[in-house]
Structures are given as C-alpha cells and as structure tokens.
Amino acid sequence: MERRIKELILDKDFKKLKNEVNEINEMDLAEILADFAADDLAKVIRIMPKDKAARVFAEFEVDVATKLLKYLSDVEIVKLFDEMSADDATDLLEEMPANIVARILKNCHEDTRKDINKLLNYKDESAGSIMTVEYPQFKEDIRIEDAINKLKKNKEYYETIHTCYVINNERILLGRVEIEDLLFNDKKTFIKDIFNDDIIYVNTNTDQEEVAAIFKKYDFTVMPVVDSEKRLVGIITVDDVIDVLEEEVTEDIKKMAAIIPGDKSYSRTGVFDLFKSRIPWLMLLMVSATFTGGIIKSFEAELASYTILTAFIPMLMDTGGNAGGQASVSVIRALSLNDIEFSDIFKVWWKEVRVAFLCALILAICNFIKLLVIDGVSTLVAFTVCITLCATILLAKSIGCMLPMLAKKVGFDPAVMASPFITTIVDACSLLIYFQVASLVLGI
C-alpha cells in the first residue's frame with residue numbers, strides 16, 4: 001500500500017489517491033505515512049477529510065508531526081488542531097520545539113487554545129496532563145429531554161457519550177448517568193432523580209500510574225477528574241490509560257536494562273540518541289566493575305597457590321547476578337502493580353530466602369557432582385565452590401528483593417535497581433565470599 005500511495009503521488013492522480021486513502025484505517029494510515037518525505041506527507045494530509053486528517057495526525061510520533069507542520073500553512077494547521085481532541089493535541093505539543101508550539105497556539109481558535117493551555121499547565125505524568133476536557137456534563141436540575149438534545153447538538157465535540165456527569169451550579173461533581181439511563185427513562189424526568197452518586201474519581205494531581213491502577217481494578221472505560229475543590233474539570237478515557245501503561249512499561253524495561261528512557265520508538269531513534277541513552281550507565285557500570293578487579297588483585301597470592309579457583313569465578317559471578325536479577329525483576333513488577341508495599345519488605349525477604357535456599361541446594365548438589373566427576377577437582381575445592389555458590393545465591397536474592405523496595409521508599413524509581421546495578425554489587429560480594437571461604441576451607 002505504501003508503494004501504491006507513492007506511485008499515485010508521483011503520477012499526481014489525486015482523485016484515486018483520495019479514494020485509496022479514505023479506505024484505510026487511520027491507525028494503519030499513520031504507520032504507512034510515517035516514513036514519507038514531508039512534502040509527500042503534506043499532499044496526502046491535504047486531500048483527506050479534515051476529521052480523518054486530524055485523527056491520522058494525532059497518531060504520528062512527534063518527529064513526524066513536526067516535519068509535517070513545517071510544510072503546512074497556518075490555516076491548515078488550525079484546521080488540524082481544531083479537529084483534534086484537546087488531550088491528543090496537548091500530547092504532541094508537549095514534545096514539540098517551542099517555536100512550533102508558539103506558532104500553533106498563536107493561530108488556532110481561542111477555545112482550542114484555551115483547552116490546550118489548560119492541559120499544558122498540569123504537572124507532567126499527572127491525571128490532569130492526560131485528561132480531556134471534551135466530555136458531556138449536565139446540571140442536576142435539567143430534564144432528560146434537554147440532556148439528550150445537548151448530546152445531539154455537541155456529539156462531534158465529545159470524546160465519549162456513554163457516561164455523562166452530573167454537576168451543580170458550582171460545577172461540583174455529584175454523580176453520573178449512563179446513556180441507557182437517558183434512553184430508557186421518561187423524557188420529562190429530572191436528571192437529579194436518576195443519576196448515580198456512587199462515583200469514583202481522581203484529582204488532577206493524581207499520578208498517571210495510580211490512574212491506570214484504578215482503571216484496571218474497576219474495569220473502567222472512562223473516569224472523571226476533579227480539582228482540589230471537587231469541581232469537574234475533565235475525564236480520562238481508556239485509550240489514554242493504554243498509552244500510559246505502554247509508556248510506563250517501556251520506561252521500566254529500559255531502566256532495568258540500564259538505558260535512559262526516551263520518547264521515540266526504537267525505529268525512529270537515531271544512532272547518536274541511542275548512544276546518549278546508553279553510555280552514561282555503561283560508563284558507571286564499567287567504573288563500578290573495577291571494584292571486582294581490585295578484589296581479585298588483592299587475592300593474587302591466594303589464587304597463585306590454588307590456580308584452579310580462578311576457573312570458577314565467572315560461574316559464581318554469573319549465577320549470583322542472575323539470581324539477584326530474578327528477584328529484582330519479580331519485586332519491581334509487583335511494586336508497579338501495587339501487589340506489595342514497603343511494609344511487606346520482611347515478608348518478601350523471607351519468601352525470597354526460602355526460594356534461594358531451594359535454588360542453592362539443587363544447584364550446589366549438581367555442581368558438586370560435576371566438579372568431582374567432570375572437572376576432577378579435589379573434594380575440598382568442590383566444597384569451597386559449592387558453599388560459595390549457596391551463600392552467593394542467598395545474598396543475591398536478598399539484595400535483589402530488598403534494594404528495589406528501599407529505592408521506592410526513599411523516592412527513587414525501583415526499576416533502576418534492576419539486573420545491571422544489582423549484578424555489579426553481587427559480583428563484588430560473591431568474590432569476597434569466595435576468597436573468605438577458600439581461606440577457611442583450603443587454608444590459603
């Protein structure tokens with residue numbers, strides 16, 4: 001399809017191009033157009049109906065949207081942003097260069113500008129920053145027929161009409177009515193007689209991760225947002241929550257892999273940007289790894305008398321790092337799902353200790369047999385390696401489960417305390433244990 005669209009542009013057959021483009025779903029079309037040259041992209045956007053063009057534009061990543069805007073006139077930009085929902089427009093503007101943002105806000109309609117500025121002022125990653133201000137709301141003292149007429153009149157404006165909200169004259173949130181409540185009750189009935197006052201809402205400053213957790217817990221598709229005085233200011237829809245979940249999971253995965261999170265997808269991130277996101281942690285981990293080298297160097301004399309011990313250092317370090325990584329990833333995920341809290345730290349530790357004991361026992365038995373039968377080492381050397389292995393696994397799982405919980409308690413992101421960071425700590429500790437055990441058992 002991408003080739004077909006490019007051919008039609010090249011042939012300047014815009015009538016066929018319009019027909020082809022209008023048959024494609026907005027999300028699919030956004031993916032197809034993402035790699036087009038800016039001038040070709042502008043041509044396709046111009047021939048689409050303005051509502052579809054706005055929906056496609058909202059799906060673009062920031063770099064694609066930015067390059068397109070440079071080829072559009074102020075009038076065309078106004079049409080795009082006036083058709084977009086305020087929350088989608090805000091999401092794009094937050095990442096765009098300041099000069100482009102200023103140009104857009106200067107030219108778009110006053111109501112659009114007011115809505116966008118309102119959302120831009122909320123704290124990043126808060127409920128206020130992901131909500132939309134395009135929602136149906138009714139005063140409690142109007143009749144159902146008036147409410148339905150209002151929905152019909154503004155149906156193109158609202159992001160959703162399945163759930164409507166009820167407010168008083170001070171805009172205080174009182175409750176909600178579903179669309180079926182309006183359709184299946186007498187049209188002369190007052191809203192105050194049918195609305196449901198059992199309503200769950202969030203504040204504009206509520207963290208977006210907490211919002212996502214509430215959606216998951218109650219299976220919501222939409223939820224109201226209020227200010228500090230419980231005045232209704234917006235709603236959050238499930239599509240925004242899905243975006244939040246994807247963003248948070250991607251961020252956690254990158255942090256757990258020692259990568260500084262970025263806003264662009266991998267395919268749209270340049271080599272230099274990837275380099276900048278990775279080099280700081282690699283540098284830190286490289287420097288921290290010098291401690292393990294220093295430990296080995298300080299025990300050179302002992303290793304010289306039992307050179308066979310050197311062969312098992314990589315196995316001990318890798319096993320310890322992997323054991324700590326397993327525990328840390330499990331705990332980080334449980335923390336992100338609110339499955340555990342800091343008050344559970346000793347319960348979590350005790351569980352991981354028992355898991356570590358079982359893992360260490362099986363690994364030590366298997367390793368002991370391998371050392372004697374395959375490697376042909378002495379019983380004392382095999383005993384030294386296996387005792388170290390058990391102690392390393394117990395220590396690694398303890399560190400792996402407790403560090404993320406402690407990090408969250410003091411305000412750091414638990415994902416930072418994942419495999420690379422814990423592996424570095426466990427490597428140094430496993431070497432110290434190894435040489436101490438060797439000194440006691442082998443007398444070196």
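**Helix packing, a pocket and a loop residue**

In this predicted model, helices α3 and α5 are oblique to each other (angles under 35 degrees count as roughly parallel, over 145 as roughly antiparallel, 65 to 115 as roughly perpendicular and the rest as oblique). Helices are DSSP runs of H or I with at least four residues, numbered from the N terminus. Residues are numbered from 1 along each chain as its sequence is written, and side-chain values use heavy atoms, without hydrogens and water. Local features need pLDDT of at least 70 and side-chain atom pairs count only at pLDDT 80 or more, whereas totals for chains, interfaces and linings use all residues.

The axes of α3 (residues 26–33) and α5 (residues 50–59) come within 8 Å and cross at roughly 60° (axes are lines fitted to C-alpha atoms over the stretch in contact, with angles from 0 to 180 degrees between N-to-C directions). The crossing of α3 over α5 is right-handed (the near helix is turned clockwise from the far one by less than a right angle). On the α3 side, E26, M27, L29, A30 and L33 make the contact, and on the α5 side K52, R55, V56 and E59 do so (contact means heavy atoms within 4.5 Å). These residues comprise five nonpolar, no polar and four charged (Ala, Val, Leu, Ile, Met, Phe, Trp, Tyr, Cys and Pro count as nonpolar, Asp, Glu, Lys and Arg as charged, and the others as polar).

A second pair is formed by α4 (residues 38–47) and α6 (residues 62–69), whose axes come within 9 Å and cross at roughly 80°. The two helices are therefore roughly perpendicular to each other. Here A38, L41, A42 and I45 of α4 meet V64, K67 and L68 of α6. Six nonpolar residues, no polar residues and one charged residue make up this contact of α4 with α6.

For α18 (residues 313–336) and α20 (residues 379–409), the axes come within 8 Å with a crossing angle of roughly 30°. This pair is therefore roughly parallel, and α18 passes α20 in a right-handed crossing. Residues of α18 in the contact include M315, L316, A323, V331 and L335, which meet residues of α20 including V385, L389, I393, G400 and K408. By class, the contact of α18 with α20 holds 14 nonpolar, eight polar and two charged residues.

L335 also belongs to the lining of the second largest pocket, where E209, L335, S336, L337 and N338 lie nearest the centre among 30 lining residues (on a 1 Å grid over the protein atoms alone, a pocket is an open set of points where a 1.4 Å probe fits, with protein on both sides within 12 Å along at least five of seven lines; lining residues have an atom within 4 Å of a point). The volume of this pocket is about 760 Å³ (the space filled by probe spheres set on the points, which are joined across faces, edges and corners). Helices α14 (208–218), α15 (238–256) and α18 each supply at least two lining residues, and α15 gives the largest share, nine residues. The lining has 15 nonpolar, three polar and 12 charged residues.

H109 is placed in the loop between α9 (98–107) and α10 (110–120). Apart from neighbours within four places in sequence, H109 contacts V78 and D82. The C-alpha atoms of H109 and I32 are separated by 30 Å, and the two residues are 77 residues apart along the chain.
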